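Please look over the sequence and the model shown here before reading the notes on them.

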Amino acid sequence: MDFWSDFLYFFSFQDTNINNVLIGTSVLGFTCGIVSVLVVLSKKALIVDAISHAVLPGICIGFMFTGVKNPIYLSIGGMAAGAAAVYLVDWISRISRIKKDASIAISLSVLFSFGVILLNIIQHSGNSNQSGLTDFLFGKAATIIESDLYLFLAVFTLVIFILTVFYQHLKIALFDAGFAKTIGLSERLSQGLISGLVIISTAVGIQTVGIILMSALLISPASAALFWTNNFKKAILISGSFATLSSVLGVFISFLSADMPTGPWIIVVLSGFALFSAFFSKKGIITKKLRAKMDDSYNLSEKEN
Amino acid sequence: MFDFWIILTACIIAINSSLLGSFLVLRKMSLIGDALSHSVLPGIVIAFLISGEINSFWMLIGASVFGVFAILIIDWLNRFGGFGKDSAIGIIYTLLFAIGIILITSIAKNSDIDVDCVLFGDINTVPLLPKILAIPVPTFNLLIIAVVVILTLLLGLKGFKISTFDKNHAQTLGVSITFWNYLLLGLASVSTVFSFDSVGAIMVIGLIVIPPSFANIITRKLSRFLIISASFAVSSCILGHCIAIYLDIPTVPTIGFLMGLILILTLIFQTFNKNLQQHT
Amino acid sequence: MIKKEHSPILEVHDLTVTYDSKPALYNASFGIPKGSMVGLVGPNGAGKSTLLKALMELVPHSNGYVKFFNENLDSVRKKIAYVPQKESVDWDFPATVFDIVEMGRYGNKSLFKRLNKEDKEIAKEALAEVKMLEYADRHISELSGGQQQRVFIARALAQKADIYLMDEPFAGVDVASEKTIVNILVQLQNEGKTIFVVHHNLQTAVEYFDWMILINKNIVASGPTKDVFTPELLQKTYDGNLTTLEQIGQVIQNKQFSTRKS
């Protein structure tokens, strides 16, 4: 009975605090879900990891300059650091024989280490505002307030805007980079756009799930969605829906029990969708096996006749 | 003596990770370190819940099991599940890490396992821990692993070399690629687990990737590659700890940052030199 | 036309290989005599490399068997050397030319044992034979395509095998390197070794090989070059592909010309 009364309370949307968290995580979830399709199709899955870890020093520097925990300043710092990470990964693998995977891991650990050192300096500086900066490591969904929502909505609008304006550009670049080049579309522009969208959504997305789990929010939704459709537009919608649904469920689970963290639950639900899709979608492993078995038995009965 | 144990522990971890990392980097598997260092978390927590002790032998077993499990499942999803390799790594390690965090904050919340420590480790407490033969337990364990790692690499150098350089040729000589692959991943996962509670997840990634990458831009001979990789890691640890004490900042991230800084400066120096040579 | 060989050094029976349930090679059956220089010829995508890989069990067999010296591959591995296409190699691996040739000796004993003086001597000789000794300390990525190919042939020579399988050893190779390689192959044949080469240039194929196998998903013909290299069989192999047919016509003309001359 307890569960159902909690359920009703939660989904009747009467608690403003819960609503803020719910709207905030859902908007961010949908934003990241959309960008996720670009990430997976452009095979940038692991650079996301470098970007999200790099956001930490950016946030720290943003805080050190302003001395306040204003999400806008912190996000700007985070975006700058994310851009630095993308550049670093690119630079290392371009000028040396170090491979891309290694340059991602190098950038990730260097920038994150730098962030931890800065975090330590801030903590020892005695600025009382600093408490809560470590929340960025694992997300702070439960503390989303109304003013945060404006930032999230602004980012959401920006992402949708860029996606609509450059829709065909991105679609061709993702589908056939060689063809895109021959018809004169700039590869730099499309790659830059994708990186830019990843950086923007990472800098705000870490507020729900945190730095470490951020890459899941930009990999899993599209990985799941691409099992269900081959259509670019549909993939974007399905991916966004998976991420939103996971956010709602994650918030609900952490509402049920005070001990349950929101961010990690969002990720667990999301990974659940991805694995479920891998097994049971029409392109899934189990579905394929079943179909092969049915075909076999069909062939057999045909032969008997 | 206090700093001695810290530096010694860091150096042993540095040697293990940089040597195994050399082959991981050459096989373009650098990000396996990333996956491993995060995936072991639920194993550590579950083993703690069962045994009720921190730093216990069981914790390490639990973590190793999860490390190997993560590698197997990533490999499987990549081969049969229709995921790209990058996506498979990204999905599995975040899932396992998320489960670990959930376990820590809900069921194991009264334990001493703390989420920050998972990322940065707690190398400064090493000298305070119980001792075996006058050596702190983690250092002692790591020493044993170092012996195993170095012996395996010395004896199996040819196997690692040939299975990395040319898989087809190795197979035609009757060399099992799978065996050498899992031997490397198994060692890497045990070494990561044992390093985990001293230096944390992020530092393990750094030690696996940065020293070999440094060696890679310096030399093109395998024996020198391994020696440079290990000595780079060790000297960074010693220097990093001294800088950390001097500036009063934490040791572990200082080492990570220092290694990256040296690597990046070397790269800048190299390109600068190359340009200079081209102009003259 | 598939010539039966009574005591073949390599025997292939009903070999079928499929990739993702699409057949790449059907029911290949043939045998080759000891000491011959065999050319495996066919159009692109005909399954030439697949056949070679299947011989070395690098790709799984769906059906059929392969026998070397009348035995399974595993018991005679040491007697067989394989030169893969260059793609299978990691070009950034920190290994010198000498390191690579040395790897040819790895198959001869347990990987856990060290190489001895004799092994090093053999590797050196092999490198000298392909005229690459002066490059021993270079990194492979610093060599030209032809030089790289010579290094891999040296690695195979260091294996001291009886059968040599080579996948397109002349692809992307300069004239000088091609000559060196051909000389080595002739020398190997004179020593009584058997050589099996995937080749795509019809014009040179006639010159180089005394035994030829024509392949297009299945074996079209296998036998001495003079019996196999006929317009009918070549047309059958190349499916009436025009440009190739023209080439064939030319080659056959040249061949008749040269036979008349001699």
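Residues are numbered from 1 along each chain as its sequence is written, and chains are lettered from A and ligands numbered from 1 in the order in which they are written.

**Chain B: confidence and fold**

- The average pLDDT of chain B is 83, with 93% of the residues scoring at least 70; pLDDT is the predictor's confidence in each residue, from 0 to 100.
- Helix α10 (residues 222-247) of chain B has the highest confidence in that chain, at 90, while α6(B) has the lowest, at a mean of 69.
- Where pLDDT is low, the predicted coordinates should not be read in detail.
- Chain B contains eleven helices and two strands, where helices (H or I, at least four residues) and strands (E, at least two) are DSSP runs, numbered from the N terminus.
- Read from the N terminus, the order of elements in chain B is α-α-α-α-α-α-β-β-α-α-α-α-α.
- The radius of gyration of chain B, 19 Å, agrees with the value near 19 Å for a compact globule of 280 residues; the radius is taken over C-alpha atoms, and the globule rule is 2.2 Å times the number of residues to the power 0.38.
- Along the principal axes, the C-alpha atoms of chain B fill a box of roughly 65 × 50 × 35 Å.
- Of the 280 residues in chain B, 58% are buried, a residue being buried if 20 or more other C-beta atoms lie within 10 Å of its own, exposed if 12 or fewer, and partly exposed in between, with C-beta atoms placed from the backbone.

**Chain B against chain A**

- In this interface 49 residues of chain B are in contact with 49 residues of chain A, contact meaning that the C-beta atoms of two residues, placed from the backbone, lie within 7 Å.
- α5(B) gives the most to the side of chain B that touches chain A, with 13 residues.
- That side of chain B has 27 nonpolar, 17 polar and five charged residues; Ala, Val, Leu, Ile, Met, Phe, Trp, Tyr, Cys and Pro count as nonpolar, Asp, Glu, Lys and Arg as charged, and the others, Gly among them, as polar.

**Chain C: sheet and hairpin**

- Six strands of chain C form an open sheet of mixed pairing, in the order β5-β6-β7-β3-β8-β9; two strands pair if DSSP finds at least two bridges between them.
- β5 (80-83) and β9 (218-224) of chain C each have a single partner strand, so one side of each is left without a neighbour in the sheet.
- Strand β8 (residues 211-216) of chain C pairs with β9(C) in the antiparallel sense over six bridges, and C:Leu214 stands opposite C:Ala221 in β9(C).
- Strands β1 (residues 10-19) and β2 (residues 22-32) of chain C run antiparallel and are joined by seven bridges.
- β1(C) and β2(C) form a hairpin with two residues between them, and C:Asp20 in the turn has a positive phi of about 50°.

**Chain A: A:Ala142**

- A:Ala142 lies in the loop between α6 (135-138) and α7 (146-165) of chain A, and counts as partly exposed because it has 18 C-beta neighbours inside 10 Å.
- Not counting residues up to four places away in sequence, A:Ala142 touches A:Val21, A:Ser254 and A:Thr262.
- The C-alpha atoms of A:Ala142 and A:Pro261 are separated by 8.4 Å, although the two residues are 119 residues apart along the chain.

Methods
This is a predicted model: local features need pLDDT of at least 70, side-chain atom pairs count only at pLDDT 80 or more; totals for chains, interfaces and linings use all residues.
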